[in-house]
Amino acid sequence: QTTQDMKFYELSARLETPVETGNVPLVIQFSVKFEQVIDCGGGYIKLVRPDFDPKSFGGETPLLILFGPDICGNDNKIIFIIDHKGKGVLWGKKPTAPNDKLTHIYTSIIYPNNTYAVYLDTVEIANGTISDDWLFAVPKMIPDQNDKKPENWDERIEIPDPNITKPKDWEDDAVIVEKDIQKPDDWDEAKEGEWKPPRIKNRKYKGPWIPKMIPNVKYNGTWKPRLIPNPEYKDESGERHTIGGIGFDVWQVKAGTIFDNVMIADSLEDAFSHAKVVIEKQITKEKELLASGAGNVTETVQVKEPIKVKENVTKENEKKIDL
């Protein structure tokens, strides 16, 4: 659990056995609980290469995968970043991340055929292919430059009601000419210029005439050119990695976030089996306590032995993150 406001938190550990991607499904699962009223902060897990240094783990440590909730103001989303040739590529989708003081379980799975799915509390919220949803190089589909908007394409959502016209007596001139004043007989235009009658405030002024708007039955929506295959596209989604460590590298304006139930696996069934126990024993209890008017929900349950790691956090890092 994070304990100090306005701080970076950096915690990592090695996997006992490195994980090779591409041969079997890669399942990443962990739970996050924003027990505090969070203003801005991350809640994501970071997977790194085997050669990382736990003593210097942090923002400069190259990532292989970054996954989890990112909370900042009203922009609460789940982020999913995958390394491609040394550069982190952001997921094209932005599902909403909950920020409700309850524990939530985040699960992602990447299959050997480069399809994927993301789950929140074991409920699928997104799926697709790596090639479609991560822009590793050039896009797979591009707008057809030869496609032109039809002349009769109507993008107006509403139109003026043709059956209603401006009343004849509607005055929409705020200022009018004073009709009762005539040009003086002795007006000399050569000396004084062209005579213009004075203008006065129109007492009958009603404001600009605004016709009633009605739905446009011919509305076609916003026109976009059709997409066609990009001749320069190459599928580069099959890049393989060796994962050697996991960690949490997050910034928090207000501390209090609890990270737990971390799993790196090759079976979605096994991950969900663990997740459902957490939901049944912990999350259900948290909901009951919050519904009863309790403050911070601090009751937790240990549903599985902690993951064994080859190298735990050093004493130096323990001091740095105030665990």
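1. One cut-off before we start: a residue is called buried when its relative accessible area is under 20%, exposed when over 50%, and partly exposed in between. Trp 134, at 2% relative accessibility, therefore goes down as buried. Trp 91 is buried too, with a relative accessibility of 3%. Keep in mind that this is a predicted model.

2. On to the rings. The structure has 15 aromatic pairs. One of them joins Trp 91 and Trp 134, which are stacked with 6.0 Å between centres and 15° between planes. Trp 91 belongs to the loop between strands E7 (87-90) and E8 (103-110), while Trp 134 belongs to the loop between helix H1 (130-133) and strand E11 (141-143), so this pair ties together parts 43 residues apart in sequence.

3. How are the rings of Trp 170 and Trp 209 arranged? Their centres are 5.3 Å apart and their planes meet at 70°, so they count as edge-to-face. Trp 170 comes from the loop between strands E12 (158-160) and E13 (175-177), and Trp 209 from the loop between strands E14 (199-201) and E15 (213-215), so here the parts tied together are 39 residues apart in sequence. Trp 170 is partly exposed, at 23% relative accessible area, and Trp 209 is also partly exposed, at 27%.

4. Back to Trp 91 and Trp 134: both belong to a cluster linked by ring pairs.

5. Two charged side chains sit over rings. Arg 14 has its charged end over the ring of Phe 52, 4.9 Å from the centre. Lys 7 lies over the face of Tyr 9, and there the distance to the ring centre is 5.9 Å.

6. Most residues other than glycine have a negative phi. Asp 121, however, has a positive phi near 55°. Thr 122 lies in the loop between E9 and E10 as well, and its phi is also positive, at about 70°.

7. Cavities next. Searching the whole structure turns up 3 cavities of 30 Å³ or more. The largest cavity holds about 220 Å³ of space. Its lining has 19 residues, and those nearest the centre are Thr 21, Ile 110, Asn 114, Ser 237 and Glu 239. By type, the lining of the largest cavity splits into 9 nonpolar, 6 polar and 4 charged residues. Strand E6 (residues 77-84) gives the most to this lining, with 3 residues.

8. The second largest cavity has about 60 Å³ of space. Trp 134 turns up again in its lining, along with residues including Ser 131, Leu 135, Phe 136, Tyr 233, Asp 235 and Ser 237. This lining divides into 6 nonpolar, 2 polar and 3 charged residues.

9. Last, a look at Ser 131, which lies in helix H1. Is Ser 131 buried or exposed? With a relative accessible area of 15%, Ser 131 is buried. Setting aside neighbours within four places in sequence, Ser 131 contacts Lys 140, Tyr 233, Asp 235 and Ser 237.

Note on methods
Residues are numbered from 1 along each chain as its sequence is written. This is a predicted model: local features need pLDDT of at least 70, side-chain atom pairs count only at pLDDT 80 or more; totals for chains, interfaces and linings use all residues. Side-chain values use heavy atoms; hydrogens and water are left out. Rings of Phe, Tyr and Trp (its six-membered ring) pair if their centres lie within 6.5 Å; planes under 30 degrees apart count as stacked, over 60 as edge-to-face and the rest as tilted. Helices (H or I, at least four residues) and strands (E, at least two) are DSSP runs, numbered from the N terminus. Buried means under 20% relative accessible area, exposed over 50%, partly exposed in between (1.4 Å probe, protein chains only). A charge sits over a ring if NZ of Lys or CZ of Arg is within 6 Å of the ring centre and within 35 degrees of the ring normal. Contact means heavy atoms within 4.5 Å. On a 1 Å grid over the protein atoms alone, a cavity is a set of points where a 1.4 Å probe fits but cannot get out, and a pocket is an open set with protein on both sides within 12 Å along at least five of seven lines; lining residues have an atom within 4 Å of a point. Grid points are joined across faces, edges and corners, and a volume is the space filled by probe spheres set on the points. Ala, Val, Leu, Ile, Met, Phe, Trp, Tyr, Cys and Pro count as nonpolar, Asp, Glu, Lys and Arg as charged, and the others, Gly among them, as polar.
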